[in-house]
Amino acid sequence: MSTLLLGLLVGLIATIIVVPRLRNWFKKIKVQQLVMRSGENGPDHAAKAGTPTMGGAGFIPVVIIGFIILAFATGANASTGWATLIAIVVFALVGAFDDSIKVFNQRDEGLRFLPKLFSQIAAALLAVAVLFLGHFDFTLDLPFNLGSINSIIVYTLFTIFWLVGWSNATNLTDGLDGLASGTAIIAYVAYLIIAFVQGDMTMVLLDALMIGALLGFLVFNHYPASIFMGDTGSLALGAGLAMNSLVLHHEWSLLLIGFVFMVETLTVMIQVTSYHFFKKRIFLMTPIHHSFEKGGLTGNTDKPWNEWKVDTFFWAVGLIAAVFYLVIFK
């Protein structure tokens, strides 16, 4: 319990100290949001242009440095935590490169697809290597009681797919003030509970640090946000959640614990496919949180939802899904 509280307090206090200073510095050097959806095709976010971005550079290092120090200080240094930390670090770096290109090159597109993908694959391979050195059980239990596969090759391929998929799903969710931050807090709390029950205090420490850091960041990221997390934060968050599900051997849990992230991604895929083949849009706008912003639960554009209402609704959905998993399947 002391490890949990220590992680929470260090993450929270350090982030509250670091982020406003980073935000003010980013304002000076114009590390800011360049392009926001506005006009008749989407919710009017024009007022957000110029808000500092790359806020992940404030809270992710808190988690990284805090874990390195506290893991040795408390003895909570199992390979599960170090493998997860490596994934978080590399995905944060990929996101930082992505954000930097967008900001300093004044363009919408960041890092190209192939370099980004290869970097993410490298992160997954490094994580698997650390788990291998820690004598990890590379058994993948299949859903619906279909058996299991004990193969490091299969597990590695699944890890690559899981990390790339969920990091990008979290990135898609980061479209409204506080939406990704609040949803990620709920998901990390769920995995902290699982880790605590399993007695993996290394993952308890890492998840507690992340929760504390996210709570601290949410102070500045809630609507109206004074700083955005950017890809630096969102890609790292998704990678951390994917690794939690893997190292705790609750691989398929993320389909419920990360339900909001999954729905956001599926709606984009459905919309793109429908428009490509049939020239029809299924949703008002994707990712789906923008549809709620434009037309609420009913799709009535005469009754749009403000960002607080959208955030609250999605946080509630994420909480219900996470609790459902913990109660039914844990």
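1. Position of Phe-329. In this predicted model, Phe-329 is placed in the segment that follows α12 (307–328). Its relative accessibility is 48%, so Phe-329 is classed as partly exposed; the class covers values between the 20% limit for buried residues and the 50% limit for exposed ones.

2. Nonpolar surface patch. Phe-329 belongs to a nonpolar patch on the surface, together with Leu-319, Val-323, Phe-324, Val-327 and Ile-328. The accessible area of these residues, taken together, is about 590 Å².

3. Second largest pocket. Phe-329 also takes part in the lining of the second largest pocket, where Phe-329, Pro-143, Trp-252, Ser-253 and Tyr-325 are the residues nearest the centre. The lining comprises 14 residues in total, and the space within this pocket amounts to about 470 Å³. By residue class, the lining has eight nonpolar, four polar and two charged members.

4. Cis peptide bonds. Another cis peptide bond, with omega of about -5°, links Thr-286 to Pro-287. Pro-287 sits in the loop between α10 (259–278) and α11 (289–295).

5. Positive phi at His-135. His-135 is not a glycine, yet its phi is positive, at about 60°. This residue is situated in the loop that connects α4 (113–133) with β1 (139–141). His-135 is classed as exposed because its relative accessible area is 74%, and the class requires over 50%.

6. Positive phi at Lys-279. A positive phi, of about 55°, is likewise found at Lys-279, which is not a glycine either. Lys-279 lies in the loop between α10 and α11, and Pro-287 of the cis bond with Thr-286 is placed in the loop between these helices as well. With a relative accessibility of 60%, Lys-279 is counted as exposed.

Note on methods
Residues numbered from 1 in each chain as written. Predicted model: local features only at pLDDT ≥ 70, side-chain atom pairs only at ≥ 80, totals over all residues. Heavy atoms only, no water. Patch = residues over 30% accessible without salt bridge, like charges linked within 9 Å, V, L, I, M, F, W, Y side chains within 5 Å. Areas by Shrake-Rupley, 256 points an atom, 1.4 Å probe, with all protein chains shown as cover. Salt bridge = Lys/Arg side-chain N within 4 Å of Asp/Glu carboxyl O. Helix = DSSP H or I, 4+ residues; strand = E, 2+ residues; numbered from the N terminus. Buried < 20%, exposed > 50% of the residue type's maximum accessible area, 1.4 Å probe, protein only. 1 Å grid on protein atoms, 1.4 Å probe; cavity = no way out; pocket = protein on both sides within 12 Å on 5 of 7 lines; lining within 4 Å. Points joined across faces, edges and corners; volume = space filled by probe spheres on them. Nonpolar A, V, L, I, M, F, W, Y, C, P; charged D, E, K, R; others polar.
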